[in-house]
Amino acid sequence: SNRGKLVGHIRLVAPFLDKLLENNQLTAEECDVVKSERTCQDRARALIDVVGTKGQEAFSHFRQVLKETNPELEDILHRCTDHNERIKLHCDDCVQLLCRKCSKEGHRGHRLASIVSGANMIRREVTAFMRDNRKLLKRSSTSNNGEDRQDLLLDIDQRKNALKVMFNATIEEEYERCKKQMCF
């Protein structure tokens, strides 16, 4: 499993603990619990277990340190546990990230999307949001009517909130996939 690979290869937990403690993701007591384990594998296991209970921000810090200290392991988080292939697809029907083999085995006939195309869609949405805002700002600068300007600001705020919902859903999906990959 991917968890086993992480446990087997993470030798030093101190950089992870330092980063998580520095960013208020772990308490000193939680760090002490991880450090109290006898072997490096047990410390890595305890670290993974505690990070799994802390949410997205803690996982992001864990991933950042993993990328800095063990870049070859960071790739594990993007691999299928069944086939050890890169995750490249999203099954819209099952709301699940997949490798190509998984897509052929258990998701025939399902609506599949490329993860890269999903990222491109998000990029397009942000670009359109920024472009539209600039147009609205240009239009509002010629208007002296406070009510019109307030309506424009309300429109921008509504579109901002819709984008946040979309982004948060995407980020939560990725977090849950990684959490599952680490067997939490």
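## Cysteines without disulfides

This structure holds zero disulfides, a disulfide being counted when a pair of cysteine sulfur atoms lies within 2.5 Å. The sulfur of Cys-91 comes to 3.7 Å from its closest cysteine sulfur, that of Cys-94, which is too far for a bond. Cys-102 is in no disulfide either, and its nearest cysteine sulfur, in Cys-80, is 3.6 Å away.

Cys-91 is buried, with a relative accessible area of 0%. Here, buried means under 20% relative accessible area, exposed means over 50%, and partly exposed falls in between, using a 1.4 Å probe and protein chains only. Cys-102 is buried as well, at 13%.

## A note on the model

Please keep in mind that this is a predicted model: local features need pLDDT of at least 70, side-chain atom pairs count only at pLDDT 80 or more, and totals for chains, interfaces and linings use all residues. Residues are numbered from 1 along each chain as its sequence is written, and side-chain values use heavy atoms, with hydrogens and water left out.

## The open sheet

Three strands make up an open sheet in the order β2-β1-β3, with antiparallel pairing. The edges belong to β2 (96–98) and β3 (112–114); each has a single partner strand, so one side of each is left without a neighbour in the sheet. From one strand to the next, the twist averages 30 degrees, taken between N-to-C directions on a scale from 0 to 180 degrees, with axes as lines fitted to C-alpha atoms (for helices, over the stretch in contact).

Strand β1 (residues 89–91) pairs with β2 in the antiparallel sense over three bridges; two strands pair if DSSP finds at least two bridges between them. Strands are DSSP runs of E with at least two residues, while helices are runs of H or I with at least four, numbered from the N terminus. Cys-91 stands opposite Gln-96 in β2.

## His-90 in strand β1

His-90 also has its place in strand β1, and it is buried, with a relative accessible area of 14%. Leaving aside neighbours within four places in sequence, the contacts of His-90 (heavy atoms within 4.5 Å) include Gln-96, Leu-112 and Glu-173.

## One side of helix α2

In helix α2 (residues 14–22), Phe-16, Leu-17, Lys-19 and Leu-20 are buried. They cover an arc of only 165 degrees around the axis, which puts them on the same side of α2; the arc is that of the directions from the helix axis to the C-beta atoms. The buried residues of α2 pack against α3 (28–35), α4 (40–52) and α5 (56–69). After α2 comes Asn-24, with a positive phi near 55 degrees.
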